[in-house]
Amino acid sequence: MNGDLDQPAEDEGMFEPHKRLKLDGDRAVWREVGEEVVVLDVETATYLSLNGSGGALWKRLDAGATPNELVAELVSGYRVPEARASKDVEDFLHALRDRSLLLTA
Amino acid sequence: MPVLVIQERRRLYRESMTACLKRQLDAFDVIEGVADAAGLLRLAESRHLDHAVIEVDGVSWDVAVLAGRLRHHNPSLQLIGLAASVRSSAIEGVRILSRVAGPDQVAELVCPGHAREVPFVLTSSSSSASSPLSGQQLRVLALLSLGMTVAEVAARLRLSEGAVTKAKVAIFSKLGVQSQAHAVASALAAGWLGPAAASSVVLTGERL
Amino acid sequence: MTRPTYRTPALRAHRYRSDLPKVVTVHDNRFLAPGLLEALQGRAEVVGDTAYGAAALQLAQMLTPDVVVAGELLGDGLIDHFLPHLVRAGTRVLLVVEAIQGERALGLLAAGLSGVCSADDGLADLARAVLDAAAGGAVVPPPLVASIVTEWRSARRHGGSLATREKLTMREMEVFNAMADGLSTKAAARLLGVAVKTVESHRTRVFAKLGVRSQAQLVAARTGHLPEWPTTMGVP
């Protein structure tokens, strides 16, 4: 894991569409069960549960993805209009960042 | 406050439903449940009931008759029936939900807007998703593998014997077999029944 | 490929108290988990719920609960199919039963079940049983023990049970193996080079000796999915 080289995602504002992001693998351990993703945040002793679309985004981020790629994932996987997908990806990434689970790759 | 009552013969499930709905529905007076039709009618005579959640399958009383008598006390009573199988025939004046509906759907019908509290609720397993057998067919097969007769399976699942026989025929046809034993063997081997499926789920991420 | 319904990506977080026992429920009644959550408030936490055994195994491995509360009939099989695996995952298992069958209950207890509760008990009783199980106790209420024993004795009288299981003869073993693979009597007869009637009479004796009522039951038991099955034939 390139943990040493990854920086926490910056704290302010919007996410740059082409900047690659990934999950903090040291902090969050997770497993996919059926259509859901369950996560344990070891630092804060918190369980996280992700719904279908959330899980899909999570899995992409595990391998590293840009916000644009995440939007494309939702558009192709769920046939959501791009505007809606963009907003939802933005909100989701904010939620992850607030929990300190995001790194810039 | 509007009054909601629960009819369910099994005490554990009755108390669970009551506890759960009480917590979810602040705007209702959720009465401690009643066990059977007689109890429900007695209650309807002494109190004004607005909503009732009742069993519709495998009960010894006529649900349509019960619904009629309850309406006599309160014509605008809302009746929600929990059915063991989705193919339960419609009953006049009763909104049927399948038992897998659970608290969310019942609460949604009675009073929209609530939160699920158990952290991880898994609504599927990959084995069941890939199986050619329906949920009901799997359950029938599981009980047959215990050595139960068609009559016993029907009683346990609250179905008619005809429905169980029909499920058996469908199972044999879908699995391409001609005997119960062969059906069980196929389903176990394919991982549609039992824990073989667990090891076939793709593991990703770190193991806790 | 049909596209799934879209729901806004959601992340739900739940702090858990590491000092309280964790519980996972696997049951086809969807009200049990939230009801139990309520009843255990402040004393234990229900962290996972599902109607499927395979999913329960995943939850048990992931969340390492102290107790799993299980129903008998799950969406993808019987508790019997999943019990040994749950036990191996390190959790205690408490079974909620609707109609107890003596021999089956004993088989499950022998396979590592920590206790049994009845669906005719109250929610508070189940909560207490969960806390007892988490603390290491075995939970089988006396009235239930009495009815299990009565049933077991009656099963013994009618032949074929755990205690009176006799050895199978060589021929009976052959027929047993054929049937356990799901073969019809006709196919078994062909395989073994004997008459169908011979297979049938061996089969009757095998059923009686092993206490099973049908070939389907034998198949399920033979593949190890019913825990009361002896691992070496002929050992009672």
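Analyst: Chain B has a mean pLDDT of 78, and 80% of its residues reach 70 or more; pLDDT is the predictor's confidence in each residue, from 0 to 100. This is a predicted model, in which local features need pLDDT of at least 70 and side-chain atom pairs count only at pLDDT 80 or more, while totals for chains, interfaces and linings use all residues. Residues are numbered from 1 along each chain as its sequence is written, and chains are lettered from A and ligands numbered from 1 in the order in which they are written. For the complex, the predictor gives an ipTM of 0.82 and a pTM of 0.69.

Of its elements, helix α2 (residues 37–46) of chain B has the highest mean pLDDT (93), and helix α10 (residues 196–200) of chain B the lowest (38). Of the 208 residues of chain B, 45% are buried (20 or more other C-beta atoms lie within 10 Å of a buried residue's own; 12 or fewer makes a residue exposed, and in between it is partly exposed, with C-beta atoms placed from the backbone). Contacts in chain B between residues at least 6 apart in sequence join residues at least 24 apart in 62% of cases; a contact means that the C-beta atoms of two residues, placed from the backbone, lie within 7 Å.

The sheet of chain B is open and has 5 strands in the order β2-β1-β3-β4-β5, with parallel pairing. Two strands pair if DSSP finds at least two bridges between them. At the edges are β2 (29–30) and β5 (94–98) of chain B, each of which pairs on one side only. Strand β1 (residues 3–6) of chain B runs parallel to β2(B), and 2 bridges join them. Within this pair, Val3(B) is opposite Asp29(B) of β2(B). Helix α1 (residues 11–24) of chain B packs on the sheet and touches β1 and β2 of chain B; its direction makes about 155 degrees with that of β1(B). Such angles run from 0 to 180 degrees between N-to-C directions, with axes as lines fitted to C-alpha atoms, for helices over the stretch in contact.

One stretch of chain B calls for caution. Over residues 196–208 of chain B, pLDDT stays under 50, and the model has 29 contacts beyond four places in sequence for them.

Chain B also touches chain C: 47 residues of chain B are in contact with 58 residues of chain C. On the chain C side, at least two residues each come from α1 (32–39), β3 (45–50), α2 (53–63), β6 (77–78), α3 (79–88), α5 (123–134) and α10 (215–222) of chain C. That side has 29 nonpolar, 20 polar and 9 charged residues (Ala, Val, Leu, Ile, Met, Phe, Trp, Tyr, Cys and Pro count as nonpolar, Asp, Glu, Lys and Arg as charged, and the others, Gly among them, as polar).

Chain C has 10 helices and 8 strands, and 50% of its 236 residues are buried. Its mean pLDDT is 79, with 78% of its residues at 70 or more. Strand β4 (residues 67–71) of chain C has the highest mean pLDDT of the chain C elements (96), and helix α6 (residues 142–157) of chain C the lowest (67).

Strand β2 (residues 22–26) of chain C is largely enclosed by the rest of the structure, because 5 of its 5 residues are buried. Lys22(C), Val24(C) and Val26(C) point one way from β2(C), while Val23(C) and Thr25(C) point the other way. The strand β2(C) pairs with β3(C) in the parallel sense over 5 bridges, and Thr25(C) has Asp49(C) in β3(C) as its bridge partner. With α1(C), these two strands make a right-handed β-α-β unit: with the strands pointing away from the viewer, the path from the first strand over the helix to the second runs clockwise. The strand β2(C) also runs parallel to β4(C), joined by 4 bridges, and there Val23(C) is opposite Val67(C).
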